[in-house]
Every structure is written in structure tokens, then in C-alpha cells.
Amino acid sequence: MLKAVFRMKNSFLLAIIVLGIVSYKKVCLTYAESGRYADDQFLNKQKFLFEILRNIYQPLEFEEYIPFSKAWIEDASKYKNFSSVSEFFDLFQDGFLSKGEMFSIYNYWHLKQTQMLFSFFYNSIDWDTYRKNVIWARENTNEGMFIFALTLSVLHRPDLQGLELPAIYELDPYFFFNGDLIHDAMVHRMSDEEYGFYLERERNAAISNYTSKFSTNNFGEGKMAYFTEDIGLNAYYYYYMLEYPYFLGGDEFGLNKDRRGELFLYMLQQLLARYYLERQSNVLGQIEELSWEFPLKTGYYPMLRYWNGIPFRPRENNYNMRSYDPKKLQLIEDHELRIKRAIDSGFYIKANRTNINLRAAEAIDVIGNMVNGNIDSIDLDYFKPFDVFVRMILAQGDYYGETEDLWPGPLMHYETSMRDPIYYQYLERVIGIYWQFKNYLPPYSVEELNYDGVQITSLTIDRLVTYFEYFEADISNGIPLTHRKSEQKSTWDYNIFAKQKRLNHKPFNYTMNVKSNIVEKGIVRMYMGPKFQNLRQLRLVKKYYVEMDQFVVQLEVGQNVINRSTEDFYYNIRDRSTYTDLYKRVMRGLQKEPYALDYSEIHCGWPDRLLLPRGLPNGYDISFFIIISPHIPAKVPQYSTYTLGCGAGSGSKYSDDLPFGFPFDRELDVNHFKTENMIFKDVTVYHLGEY
């Protein structure tokens with residue numbers, strides 16, 4: 001319990017304490033060009049997006065937009081694909097999910113409506129049409145559906161690349177902060193003289209009983225809440241799922257050019273590995289694989305509330321199936337078995353009689369698409385997205401249920417899936433398919449592992465230290481405001497911050513000495529994983545190695561000293577600026593203050609705070625691994641097809657074409673694995689402060 005002190009004027013602070021709180025790794029690409037600045041056209045687009053999302057659960061407050069909220073653009077010439085848009089017009093008139101209702105992309109009807117709304121945005125032929133249609137939708141469609149479809153359009157419309165939305169945990173804080181915190185924030189807002197309902201404030205402090213322990217503590221999972229409920233982790237997963245949604249694909253979006261199936265499985269494998277390391281530093285042991293033997297012992301009480309006040313649906317401990325769940329379970333087991341049989345067979349014959357070789361290394365992309373059940377998968381009628389039905393059972397949802405009768409649990413939202421401990425048990429099961437495929441591939445040969453003429457002679461690393469520190473997130477967007485007192489002030493002048501303890505680490509550096517007999521570019525990959533005694537033990541724990549960094553290095557003949565700081569790590573991103581600060585920065589840009597197009601606000605990356613597992617006060621031992629390989633550029637050179645944004649669908653996201661996770665993605669030949677261009681280093685992670 002922590003007393004939260006509130007500022008006396010227009011900015012309030014609400015504090016909580018977390019007791020007990022990558023990957024799309026490889027997709028966290030920075031802006032490709034440096035030294036560029038936004039022009040007024042870019043800034044006006046950015047300003048519009050920030051304003052249209054402000055106080056999303058309240059009526060639109062910007063007078064200039066209100067005239068466009070009455071009707072959509074009907075002119076067929078204003079759309080690239082009017083037949084698709086006309087389908088949206090017809091569907092909307094038949095009835096869409098109402099404003100204020102709970103929304104989930106894992107309900108068939110919600111998904112269909114969201115796809116139509118996205119198509120409406122995506123096919124708007126120019127910015128003016130898009131802008132007017134977005135204004136109309138802001139006032140006439142469900143808030144959750146609007147956020148989802150708008151975000152999709154910003155991520156996938158070519159003319160919007162480089163634009164950023166507020167961090168999702170500030171845009172819709174109900175999915176990231178517990179209900180008691182939101183309640184306290186509202187109470188304090190109500191007592192504000194400028195923005196509330198009362199003229200006098202009787203108190204300026206709030207006490208939050210926030211603790212995640214009782215939500216999962218029966219099986220020790222409550223100790224992990226600082227990790228599983230971290231807003232950066234959950235935002236990371238959310239943005240990946242919107243960059244590569246299973247219901248988008250084909251030539252129109254080009255997601256298949258990014259090895260999306262392989263990326264999907266690698267992202268899940270890395271999440272599971274990172275979770276495993278965090279479990280070990282909490283002395284929680286192995287991850288149980290989800291078994292479809294009921295009752296399921298792991299319950300979850302999320303402590304979240306929707307905007308309309310309804311709590312997220314919990315799952316009781318020792319949960320039993322409902323009467324209609326066995327049919328869903330049969331679908332899940334059938335789809336899982338089909339994929340496993342195809343892997344064991346080593347080939348698959350498509351419905352059109354085309355034979356696909358499943359013993360080729362690149363076939364992991366095919367397997368990943370099968371598991372994901374995405375649009376780019378083969379024979380979609382046969383390999384369906386069984387993930388959807390898994391979530392229906394575990395979250396007690398109904399895929400074909402009535403749109404306004406839905407009561408979703410955390411697993412029915414991208415924003416909250418990572419909070420539920422049973423999701424990691426499910427991932428353990430899914431990643432079994434990944435390793436089943438990989439185990440059919442031969443171990444890497446010495447020639448594939450080695451880099452002739454290159455030897456890593458030493459590696460030194462700074463002391464590794466983690467600690468908890470307070471982080472402030474602006475949750476004002478989720479708090480209803482009533483501004484009545486001053487025409488000179490607006491909702492941008494009032495902020496409420498959730499102050500939460502989050503894991504962090506002290507920045508560290510490492511120095512690597514490399515002896516080279518060649519002048520050439522190499523590519524460095526760095527991993528961390530469980531400490532092991534010998535290579536035979538490494539065979540068992542390699543699946544829990546997490547890729548930390550990757551970069552290209554120029555090698556010269558002789559001794560090369562490579563210094564690297566965590567501030568330079570390729571996959572990591574820092575905390576985002578607050579919603580209000582971003583908006584004010586754009587407004588200054590419109591007043592001719594330079595607005596750099598850099599990577600400081602990019603959304604697609606692993607949160608730097610979670611680079612290291614928490615560790616222990618007396619030290620938690622792990623191992624670092626570095627390998628240098630010849631740099632053979634990808635077939636489509638990195639960054640060659642885009643200059644802004646994260647590059648989803650660009651086909652030029654990667655620096656080379658080696659498999660994700662190389663060299664740990666295959667079985668190890670313990671007699672020939674260790675080569676001179678790689679090095680292991682045992683390190684210890686120390687945790688400061690409370691344990």
C-alpha cells in the first residue's frame with residue numbers, strides 16, 4: 001500500500017505499488033534516415049491523430065471537426081475499392097456494436113465489423129477523405145473498435161508511415177491499470193475546481209490497495225506480476241499483433257515478405273524464453289505445459305475494469321469446461337494434430353495438389369503461418385487459427401456470441417493477454433510445434449558455424465544490476481473531464497499520472513576483443529540464457545536463450561576492440577513520451593520549432609527496462625553468448641524499401657537472411673558446436689532494494 005500525493009493545481013499524481021508484477025525482436029527497426037525534420041503537412045496529420053483520440057470515451061471536443069461527424073463521405077470516386085467500402089455502409093446500417101459496449105477482436109462479429117471499418121479507412125483515397133471519415137467514425141462507432149481500426153490504418157496505410165499514436169497504455173489505460181487506481185483518479189478529478197464537479201477539494205491524497213498477489217498467488221504466479229503486467233511488455237505484444245494481424249495479408253499488405261510465419265513463432269519463443277528467465281530469478285521452477293485435462297488449476301483475477309465499469313471476466317482456480325466447450329476443444333486438438341502430422345510427414349500436399357517440402361529450413365515460415373492461421377497460410381479451410389478457440393475456452397468467451405452479450409476476459413484482448421499466467425503455459429505447448437519442426441533439421445555444421453580468420457579472444461562485461469523505480473504514465477485520456485471554468489484552458493492542461501514501480505537495470509557496457517585475419521563486415525548476435533555446466537546441458541536449455549542485440553561490425557586485420565553499450569542495443573526502445581508532451585511538441589513544431597523524424601517515439605521494440613531478468617540480492621547466474629558470422633546482406637537490402645516507421649510489409653527489415661535464433665534454433669552437435677568466432681561468458685545479475 002502506498003499513499004499517492006496529488007499536485008495541488010492542474011496536474012495530479014496517482015501512485016500505486018506493484019507487489020509481485022522479444023519477442024517481435026527483429027522488427028524493432030529505427031527510422032532509416034537521420035537528420036530529417038517534419039514539414040507542416042506531416043505535423044498537421046500528427047496533430048489531427050492526437051486530437052481525434054483525445055478523451056476517446058467522451059464526445060469530440062474540437063469544434064473544427066464536429067461538422068464532419070454527421071455523415072461519412074459517400075462519393076465512390078473517393079475510394080480505392082468502393083465495393084469493399086459499400087459493404088461497410090450496408091453492414092453499418094444493419095447495426096454495429098454500440099458505443100460504450102465491450103469490444104474484443106476475438107469475437108467473430110466484432111472482427112467482421114472491425115475489418116469493414118478498417119477497410120473504410122484504408123480505402124479512403126486521400127488524406128482529406130481519410131480525415132473526414134475518421135472524424136465521423138470517432139463519433140459513431142464503438143470506442144474500442146475505433147481505436148483498433150484507426151491504429152491498423154496508421155500502421156498499414158503507406159501515406160501514414162512514420163506517424164505515431166499515443167502509447168496504448170495512455171490512450172486506453174483501462175487495459176493496463178487496475179480498477180481501484182482508475183476509481184481513485186476519478187474521485188480526485190471530480191474534486192478539481194477547474195475540471196470537476198465540486199468547487200472545493202477536501203483531500204489531496206489517495207490510497208490505493210493495488211496488489212496483484214491475490215489475483216494469482218495460489219500457485220506463486222503473483223510474484224511475477226511486475227513482469228507479466230508491465231505496461232511496456234503488454235504494449236510490445238499489442239503492437240506486434242497489430243503489425244501482423246492474422247486477418248490481414250496477401251499482396252495488398254505484403255506481410256508475407258517479412259517471413260511473417262517464422263517471425264511469429266520466433267516472437268512467441270523469445271517471449272517464453274524471457275518469461276522463463278524471470279521465473280528462475282523468482283525461484284518458481286519450470287513452466288508447466290498447458291494440458292487439456294480439466295479442471296485447469298491456474299485461475300486469474302485480473303482486477304481490471306472496462307470503461308463502463310464492468311470488471312474483466314476472471315477465471316476461477318480449478319476451472320472446468322462449460323457445456324459447449326468440448327466442441328471447441330475438439331477443433332483445437334484436430335488443428336494441432338494436422339500441423340504435427342504434416343511436420344512428421346516432411347511434406348504437405350495442398351488442395352491444388354502442390355507438394356510443399358517441410359524438410360527445408362525455410363519451411364518454418366509455412367509452419368508459422370499454419371500455427372498463426374493467418375491469411376498468408378496455405379489451405380486456410382484446413383489450417384484454421386486454433387489460437388482463437390484456445391482463447392475462447394481459457395477466457396470463457398464465445399466466438400460467435402451476440403455482439404452486445406460478450407463478457408471478455410484478458411485473453412480476449414491483445415492488450416492484456418500477457419497478464420494471464422496460463423497464456424505462458426499455452427505458449428509452452430505451441431512452441432513445442434516449433435521445436436518439433438526444428439528437430440528434423442540437421443545440426444549446423446562446423447562450416448556453417450565457423451567464421452574463418454575471426455577469433456573472439458575475450459569478453460568483459462560491467463556489473464549487472466537491476467532495481468525497481470517509479471514510472472509515471474499519463475492516464476488522463478481515460479478520465480472523464482468537465483471543463484467549465486476557463487476558456488483559456490483545455491483538457492491538455494489537466495493531467496493525472498499513474499505512478500507505478502517498474503523493473504529497470506543500470507546501463508552496462510561490454511568490451512569484446514576480436515582477432516581477425518581479414519578485412520570484412522561481420523554480424524554480431526548476442527544472447528542471454530541459463531547458465532550450464534557443459535554442452536550436453538546446453539542442448540536442454542538453449543530454447544530459453546533470448547536474443548539481446550544484433551549489429552554489423554567492420555573487421556580489420558589484427559586486433560579489433562568492440563565496445564558496446566546497452567543504450568545502443570538494436571532491439572530495445574526507451575519509454576515513450578506522455579500523450580500531452582507529444583501533442584505539445586507537435587504544436588511547437590507547427591510554430592517552427594524543428595521536429596526531428598527520429599526513432600525516439602517508435603513503438604516496435606522490446607522495452608529496455610526488461611532487458612535483464614530481475615536477479616537476486618545475492619546474485620542470479622546466467623550466461624551471455626556472442627557469435628560473429630560473415631555478413632551476407634539480405635536479398636532485399638535492409639531499409640531499402642522504406643524510410644519511416646517499423647517497416648511491416650516492406651520486405652527489407654532484416655540485415656541478413658540467417659534463420660531467426662541462429663545458432664540455437666537447431667539441435668546442437670556437442671562434438672562440433674564450439675568454434676573460435678563465438679564465446680560464452682558466465683555473468684551474475686544482482687538486484688538492489690526490496691525482493
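Predicted model: local features only at pLDDT ≥ 70, side-chain atom pairs only at ≥ 80, totals over all residues.
Residues are numbered from 1 along each chain as its sequence is written, and side-chain values use heavy atoms, with hydrogens and water left out.

The chain contains 18 helices and 16 strands, these being DSSP runs (helices H or I, at least four residues; strands E, at least two) numbered from the N terminus. Of its 691 residues, 61% count as buried, that is, under 20% relative accessible area with a 1.4 Å probe, protein chains only.

Helix α15 (residues 421-438) comprises 18 residues and spans 26 Å from its first C-alpha to its last, close to the 26 Å expected at 1.5 Å a residue; the expected span is 1.5 Å times one less than the number of residues. Because 17 of the 18 residues of α15 are buried, this helix is largely enclosed by the rest of the structure.

The largest pocket holds about 700 Å³ of space. Its lining consists of 28 residues, of which Leu111, Gln115, Tyr246, Phe247 and Ile375 lie nearest its centre. The largest share of the lining, 8 residues, is supplied by α3. The lining residues divide into 17 nonpolar, 7 polar and 4 charged, where Ala, Val, Leu, Ile, Met, Phe, Trp, Tyr, Cys and Pro count as nonpolar, Asp, Glu, Lys and Arg as charged, and the others, Gly among them, as polar. A pocket is an open set of points on a 1 Å grid over the protein atoms alone, where a 1.4 Å probe fits, with protein on both sides within 12 Å along at least five of seven lines; lining residues have an atom within 4 Å of a point.

Technical notes: Buried < 20%, exposed > 50% of the residue type's maximum accessible area, 1.4 Å probe, protein only. Points joined across faces, edges and corners; volume = space filled by probe spheres on them.
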